[in-house]
Amino acid sequence: MATAPPAAFGVLLVTALLLPMGGVEARTSIVKAGEGWKLEVDGQPYVAKGVTFSGTGGPSNFDADCERLRAQGVNTLRTWGTGEETVALLDAAHKHGLRVLVGLWLRPGRAGMENDDAFDYARDAKGREAQLQATLAQVRRFKDHPAVLAWGLGNEVILNSPDEPSKVAYARFLEKVVRAVKKTDPGHPVLSVDAWTLGVPFWEKYVPSLDAYGLNVYGRGIHALPDAVRQAGGRKPWFITEFGAQGEWEVPKDARGVPQEPGDAEKYDVIVDGWRNALAPQVQAGRCLGLFVFNYSSAFDHTGLWLGMLSGTAMRPAWHAVREAYTGTKPVPALPVPVRLEVQGLEKEGAATWANVAFDVTAATPLEVSFAYNARGAPTREERDRVTALEARKGATPGTWRVRLPVVTGAIKLYGLAKDGAGNLVAATTSVAAQASP
């Protein structure tokens with residue numbers, strides 16, 4: 001599953017007390033309603049129409065970010081942790097009428113996606129206590145801010161734990177943290193976040209003090225989620241804390257071993273369909289309390305192109321899908337539609353290898369076309385995430401291009417990118433065997 005992008009929101013910090021921020025603390029509650037539950041803020045019904053938030057350039061951009069997201073129909077942001085930027089984010093959110101599911105970072109149980117960090121919950125008692133105290137310091141620091149909606153403890157720690165004893169040890173520790181957070185701040189609910197329904201059996205058995213579940217779910221499988229929660233023994237309401245197109249970890253690979261990325265149309269449709277047809281009935285039934293689409297940032301990298309709402313300053317289809325899901329408004333003008341990206345052959349020109357590429361896009365206005373690549377098999381995470389522009393020349397016929405391939409080992413993912421005059425960026429992907437490094 002997707003992981004926390006911004007380092008600033010992924011580290012717990014023990015800091016000085018806040019200066020007064022103004023406003024009145026908003027109290028959030030989850031109350032039983034018939035056979036289900038409802039979320040309330042200051043006694044008024046509230047459904048989280050949210051996005052996960054990394055931002056587009058730090059605190060100086062938070063005001064513009066929040067204003068822009070509010071216009072998209074977004075009312076809630078989710079972060080993965082707290083940092084020095086959290087005050088500015090909460091202030092900007094409050095200014096524009098947004099609330100924040102504030103993440104409280106807990107360390108993963110094994111090295112992997114989270115910057116190769118790992119923590120032994122079964123044996124490191126001193127480390128557990130340090131995490132507990134750091135977490136409570138953040139709760140005390142931010143609990144009276146009027147933008148706080150709730151607390152989200154951890155992110156996919158159960159998924160990233162190496163074995164059953166480690167998962168149980170983490171869950172037992174989590175119950176201690178939940179109780180302490182609720183004692184420190186009785187005014188905001190506490191949930192914990194994990195992938196799919198992996199956390200549900202552990203939460204039910206070992207973490208009874210949780211108010212709700214946070215479930216990270218991607219792709220069309222969201223339609224099966226309510227039954228999966230019940231089958232896992234879930235008895236509490238839930239938020240979808242990350243959502244988007246089917247992820248790299250679960251798609252089939254092509255003949256060169258490169259994961260087959262869903263097309264832009266699918267990325268758009270899965271968000272609108274997920275909210276409208278999978279989750280809206282669950283909100284009505286009092287099981288789902290809200291959605292957070294992954295991810296609002298300006299990262300022009302592998303994850304940003306696959307799942308992001310923006311890439312650099314350009315708007316990806318997910319940006320417009322969020323607006324249609326939350327407001328019913330479709331993009332005007334209509335988005336360009338990639339029809340084909342096909343490598344039709346390779347040619348040597350001196351020391352360089354050039355690919356003959358057909359890239360067709362249906363659009364109502366002229367397009368700025370470019371190409372880039374990603375070496376997903378690279379040895380470091382930074383290299384695996386990097387998307388690098390490629391030199392390209394127009395081909396002999398309309399819709400064809402000659403693209404200079406990089407000197408790398410193994411297959412690469414090739415991106416065809418098309419940007420229209422309205423700032424919309426669409427992409428198509430395929431793979432090609434690049435020339436080997438000398």
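Me: Where is Tyr-170 found?

Reply: Tyr-170 is in helix 4, residues 164-184. Helices here are DSSP runs of H or I with at least four residues, strands are E runs of at least two, and both are numbered from the N terminus. Keep in mind that this is a predicted model: local features need pLDDT of at least 70, side-chain atom pairs count only at pLDDT 80 or more, and totals for chains, interfaces and linings use all residues. Residues are numbered from 1 along each chain as its sequence is written, and side-chain values use heavy atoms, with hydrogens and water left out.

Me: Why does Tyr-170 count as buried?

Reply: Buried means under 20% relative accessible area, exposed over 50%, and partly exposed in between, with a 1.4 Å probe and protein chains only. Tyr-170 has 1% relative accessibility, so it counts as buried.

Me: Which residues does Tyr-170 touch?

Reply: Contact means heavy atoms within 4.5 Å. Leaving aside residues up to four places away in sequence, Tyr-170 touches Leu-106, Tyr-121, Leu-153, Gly-154, Val-157, Ile-158 and Ser-192. Take Tyr-121: it sits 49 residues from Tyr-170 along the chain, yet their C-alpha atoms are separated by 5.4 Å.

Me: How do you know what span to expect for helix 3?

Reply: The expected span is 1.5 Å times one less than the number of residues. Helix 3 (residues 125-142) has 18 residues, and its first and last C-alpha are 26 Å apart, close to the expected 26 Å.

Me: And what covers the buried residues of helix 3?

Reply: The cover includes helix 2 (86-95), strand 6 (99-104), strand 7 (148-153) and helix 4. Among the buried residues of helix 3 are Gly-127, Leu-132 and Phe-142.

Me: What makes the phi of Glu-156 worth a look?

Reply: Most residues other than glycine have a negative phi. Glu-156 isn't a glycine, but its phi is positive, about 60 degrees. Glu-156 is in the loop between strand 7 and helix 4, and at 1% relative accessibility it counts as buried.

Me: What is omega for the bond from Phe-294 to Asn-295?

Reply: Omega is near 10 degrees, and that peptide bond is cis. Asn-295 lies in strand 11, residues 288-297. Another cis peptide bond joins Val-332 and Pro-333, with omega about 0 degrees.
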